[in-house]
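These are my notebook entries on a structure that I looked up.

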Amino acid sequence: MHVLPGLSSQIDQWFHAHRDEVIGWRRHIHSHPEVSHEEVETTKFIADVLRDRGLEPHLFPETGLYVDIGKSEAETANGLLAFRADIDALRVSETSGVEFASLNPGVSHACGHDVHTTICLALACALAELDANGALPYGIRVIFQPAEEVMDGGAPDVIRWGGLEGVAAIYTAHVEPKLRVGQIGVRAGAITSAADVFHINVTGPGGHTARPHLSADVVYALSSLVTTMPGLLSRRLDPRTGTVLVFGQIEAGYAPNAIPKEGHVSGTIRTADMATWRTLEPLITQLVGNIIEPTGCEYEVTYLRGVPPVLNDDITTAELVQAGHSIDPHAIVQAPQSSGGEDFSWYLEHVPGTMARLGCWSGAGEKFDLHQGEIVVDERAIDVGVRLYGAIVERFASAAEN
């Protein structure tokens, strides 16, 4: 593909001229985290910055927004190029020790969404200047999505509110503390997993542990579920689907010599395979029945479908790889398939797109994982993210010109 020169370098120039201001945005957002569906001040901050650059954000009915830059949807024959940032934080206490740490007790950006938001905010502001100078040949939409951290995510709301209308392709990047800053992890196909939650309530008449044969042993039934289900599942599903079932909670009983009347277990099930994901709910319900019925207990299964796996499109992934190579020939690395869930998957049910992993480890000290209060993101990842998105913008412009 012939690459239209200039756009990427102009975005780079804008960023380097405004880097201190951009880092200030990140630190403000980081120190004022808001949990899913409560990102009121975060939304206002983003909107104010965009308006200061002459842009007109489209506010969603609750929280979050999107902004269009350049030509309108109708004027862009091949559709808009979109980028997504997630703006919510987690109910995790921050213990990083940075001077701009969370001011909201028990809430932090331990998943790096403040970095994602800052990258997209910088991109939008840079594009606004390019558009004012007549240098942007097509339309771009930047989506600031609420509620990524909760099931089934804020993406379905964004889609319902028209956030994808006119969009031809969509990109996002997620910080990755297992990769050194400067590295960009890519993967065609499944890069995350579907993530569902289930609760199983088991009941019986209760009784004395001296006479279990006169009752139905709820604790035994629960234990059978926990020890037997993962093995049974492994014999019903292709192991190449990467399906993982783990129980995270079990509760029952109040005395060592009394069989309780009720108990429950809860867990998650994850898979990288879309076809498998669609079969999991009836399969789990069937297996629970197979295990519980011989014990004489009664049971009820509550199954909560979460998000499908993020299935990166081959073509948009290839474009991202080329964009990454253009900013650093050594930047691109193979990203592992993750068992975590990500609601970016819902967008890919409608339009092609891809999610990249953005290295954020400084190269020194411990590699803390996402969702840990100790995590510190190297702010140079913002530089890489803006450069990567700028290179994608340039490649998409070339396609639009051709």
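The model is predicted, so local features need pLDDT of at least 70 and side-chain atom pairs 80 or more, while totals for chains, interfaces and linings use all residues. Residues are numbered from 1 along each chain as its sequence is written, and side-chain values use heavy atoms, without hydrogens and water.

I noted that Tyr-66 also belongs to one aromatic cluster with Phe-60 and Trp-161. Rings of Phe, Tyr and Trp (its six-membered ring) pair if their centres lie within 6.5 Å; planes under 30 degrees apart count as stacked, over 60 as edge-to-face and the rest as tilted.

I searched the whole structure and found eight aromatic pairs. Among them, Trp-277 and Trp-346 are edge-to-face, with 6.3 Å between centres and 65° between planes. Trp-277 lies in helix H6 and Trp-346 in helix H8, so this pair ties together parts 69 residues apart in sequence. Helices are DSSP runs (H or I, at least four residues), numbered from the N terminus. Both Trp-277 and Trp-346 are buried, meaning under 20% relative accessible area (1.4 Å probe, protein chains only).

**Helix H5**

I then examined H5, where Val-218, Leu-222 and Met-229 are among the buried residues. At the start of H5, a side-chain oxygen of Asp-217 reaches to within 3.2 Å of the backbone nitrogen of Val-219.

How values were computed. Buried means under 20% relative accessible area, exposed over 50%, partly exposed in between (1.4 Å probe, protein chains only). Helices (H or I, at least four residues) and strands (E, at least two) are DSSP runs, numbered from the N terminus. A polar contact is a pair of N or O atoms within 3.5 Å; within protein, one must be able to donate a hydrogen and the other to accept it, and residues adjacent in sequence count only if both atoms are side-chain atoms.
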